[in-house]
Amino acid sequence: MSQKIEITRIEKSKINDLDFNNFSFGSVFTDHMFECDFIDGKWANPKIKPYQPISIEPSASVLHYGQAIFEGMKAYKDKNDEVWLFRPDQNFERINKSAVRMAIPEFPDDLFYDALTKLVNIERDWVKHGDGRSLYIRPFVIGNDYAIQAVPSKNYKFMIICAPATLYYTKKLKVLVADKFSRAASGGVGYAKAAGNYAGQFYPTRLANDEGFDQVIWTDANEHNYLEEAGTMNIFFRINDTLITAPTTDTILDGVTRKSLIQIAKDNGIDVEIKKLKVDELKNAAKNGSLKEIFGAGTAAVVSQINAFQHKGELFELNELDNSYAEKLKSNLVGIQTNQLADHHSWRYKV
Ligand SMILES: Cc1ncc(COP(=O)(O)O)c(C=O)c1O
């Protein structure tokens, strides 16, 4: 039996202060948040309360050693105002996988689902229907010992906050294939949704942005020969009519969107190959015309088409396609998420 969640409601919702047609993703938060502390060896005092600042001491371990993990998931509203999560079991499994790697205690499953569904239910007015609209949900955990010793924290805070979302990338992307910096090394924490993985990308990504690229496509840290993933998306390549994506090793985040698109592609009779693709193979395919599409896949980005990439100063541009796999897979995925298409794999989860 899950612990009882204490609920304190906001007096007056902020929802009418927001112009839902004009805000930037991840900068506006809903009325409530979930908070739970790990103290004396157990998760305790679960609460839903008005969204507000938290108080931690300057010695809090997360501020010094970065013991922090997070998740990203979305809730969708259908035409009948029912609210749905998409494969929340995958996010639950992944946050605990990240937790184990970062020496953070795992979170109990009954409390995770109870917190998630109660919070999203309270915030259901913030979930809008329509093109690309959803509620982004951010569970996260931080080390919260008040001691600057470089050891795993004994105390933690698990929280969930929610942000209304619209489309993340609305244009086709131009990306830089990494040949110097790395995102994740073998044996490291690349497969975990660890906060530091993102901080480490900011500088090289900013350098790429300054040169006019939207994102960096990371390659293996050993030799920069193999294509891995983007900063917040897994990557798919269509060579001839085969869809190729990298296997999820310990340097790649095992994306929920990636595994869903692989299944949807197979359901649509599209050949999918999960294999390590060399940068040189990609360049050759671009040169001989067999490279038809590149796209990223992630909860925030959904399916984002990439129409140009550069590697070691060589720029490759892709032609427009009539029968794009990216568009087909995206409309299938969004159709399932928003309860417009049949859910053959039981991915939807009603709130
Ligand atoms: C590094 C990285 N890769 C891939 C993804 C895509 O994962 P998902 O589809 O589960 O959102 C994300 C986003 O969460 C990410 O941060």
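Where is Phe 213 found? Phe 213 sits in the loop between helix 4 (195–210) and strand 10 (215–219), helices (H or I, at least four residues) and strands (E, at least two) being DSSP runs numbered from the N terminus. Residues are numbered from 1 along each chain as its sequence is written. The model is a predicted one, in which local features need pLDDT of at least 70 and side-chain atom pairs count only at pLDDT 80 or more, while totals for chains, interfaces and linings use all residues.

Leaving aside neighbours within four places in sequence, Phe 213 is in contact with Lys 174, Val 175, Leu 176, Ala 208 and Gln 310, where contact means that the C-beta atoms, placed from the backbone, lie within 7 Å.

Val 175 leads on to the largest nonpolar core, which has 43 residues and in which Val 175 and Ile 217 touch the most other members; a nonpolar core is a set of buried Ala, Val, Leu, Ile, Met, Phe, Trp, Tyr and Cys residues joined through C-beta atoms within 7 Å. Helix 7 gives the most to this core, with five residues. A second, separate core of 39 residues includes Phe 92, Tyr 156, Cys 162 and Ala 192.

Helix 7 (residues 325–337) also packs with helix 5 at an angle of about 110 degrees, with the axes 10 Å apart; axes are lines fitted to C-alpha atoms, for helices over the stretch in contact, and angles run from 0 to 180 degrees between N-to-C directions. The two helices are therefore roughly perpendicular, a term for angles of 65 to 115 degrees. Ser 260, Leu 261, Ile 264 and Ala 265 of helix 5 make the contact with Leu 329, Asn 332 and Leu 333 of helix 7.

Helix 5 (residues 256–267) also provides the largest share of the shell around the ligand, three residues. Among the residues around the ligand are Glu 229, Asn 234, Val 256, Thr 257 and Arg 258, a residue being near if its C-beta atom, placed from the backbone, lies within 6 Å of the molecule. By class, this shell has three nonpolar, seven polar and two charged residues, where Ala, Val, Leu, Ile, Met, Phe, Trp, Tyr, Cys and Pro count as nonpolar, Asp, Glu, Lys and Arg as charged, and the others, Gly among them, as polar.

Technical notes
Angles under 35 degrees count as roughly parallel, over 145 as roughly antiparallel, 65 to 115 as roughly perpendicular and the rest as oblique. Two residues are in contact if their C-beta atoms, placed from the backbone, lie within 7 Å. A residue is buried if 20 or more other C-beta atoms lie within 10 Å of its own, exposed if 12 or fewer, and partly exposed in between; C-beta atoms are placed from the backbone.
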